[in-house]
Amino acid sequence: MERTLMIIKPDAVQNRHIGEIVSFLEKEDFNILGMRMLRLTQGQAQDFYAIHKERPFYKDLVSYMTSGKVVVIALEGENAVARMREIIGATNPKEAAEGTIRNKFAESIEANAVHGSDSAENGVNETAFYFAVSDMNALR
């Protein structure tokens, strides 16, 4: 069993796609270990996306992720990271496969509806960023 994190980004929250996106996860048989809505602080967004600090889009990403509410969801399942990446679709919604979350809900390459962990290691680290282990274990 792997853990992974999904963040429903400000564009998808503002456009009221939370329920539809969670439905994708339920249909794919993910175990939801924790879920909460919050508004990221500048510091939280900078820390979470620190891996991208040297990239040209970093400041815009931090600004975007603090522009509105997000929903963070800790998930668990068999091959969770790979399955999550598959249902999310390509970063650029124009390249996302038909029926994926980004194909359905993303507005642009920047406002692309969701974040998903890109490796099993990041799945563990990213879920721990938002959820205490005791929070997730209580929901098993």
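Helices (H or I, at least four residues) and strands (E, at least two) are DSSP runs, numbered from the N terminus. With that in hand, look at the loop between β3 and α5, where you'll find N79. Before going on, note that this is a predicted model, in which local features need pLDDT of at least 70, side-chain atom pairs count only at pLDDT 80 or more, and totals for chains, interfaces and linings use all residues. Residues are numbered from 1 along each chain as its sequence is written, and side-chain values use heavy atoms, with hydrogens and water left out.

Back to N79. Its phi is near 45 degrees, a positive value in a residue other than glycine. Most residues other than glycine have a negative phi. N79 counts as exposed because its relative accessible area is 53%; the cut-offs are under 20% for buried, over 50% for exposed and partly exposed in between, using a 1.4 Å probe and protein chains only. R16, in the loop between α1 and α2, also has a positive phi, near 60 degrees. At a relative accessible area of 74%, R16 is exposed.

Now for the inside. Pick out I21: leaving aside neighbours within four places in sequence, I21 is in contact (heavy atoms within 4.5 Å) with M6, I8, A12, I101, F105 and V114.

Next, helix α4. Its buried residues are Y58, L61, V62, Y64 and M65. Viewed down the helix axis, they fall within an arc of 165 degrees, so they line one face of α4; that arc is taken from the directions from the axis to the C-beta atoms. The face turned away from the buried side carries the exposed residues K59 and D60. Among the elements covering the buried residues of α4 are β1, α1, α3 (42–48) and β3.

Stay with L61 for a moment. It is buried because its relative accessible area is 14%, and beyond residues up to four places away in sequence, L61 touches Y49 and H52.

Those names come up again in the largest pocket, which holds about 650 Å³ of space. On a 1 Å grid over the protein atoms alone, a pocket is an open set of points with protein on both sides within 12 Å along at least five of seven lines, and lining residues have an atom within 4 Å of a point. Of the 24 lining residues, the closest to the centre are K9, Y49, H52, F57 and L61. The elements giving two or more residues to the lining are α4, β4 (114–116) and α7 (120–130), and α7 gives the most, with four.

Finally, compare two loop residues. N112, in the loop between α6 and β4, is buried, with a relative accessible area of 3%. Not counting residues up to four places away in sequence, N112 touches K9, D11, Y64, T91, R102 and A106. A50 sits in the loop between α3 and α4, and at 38% relative accessibility A50 counts as partly exposed.

Key
1 Å grid on protein atoms, 1.4 Å probe; cavity = no way out; pocket = protein on both sides within 12 Å on 5 of 7 lines; lining within 4 Å. Points joined across faces, edges and corners; volume = space filled by probe spheres on them.
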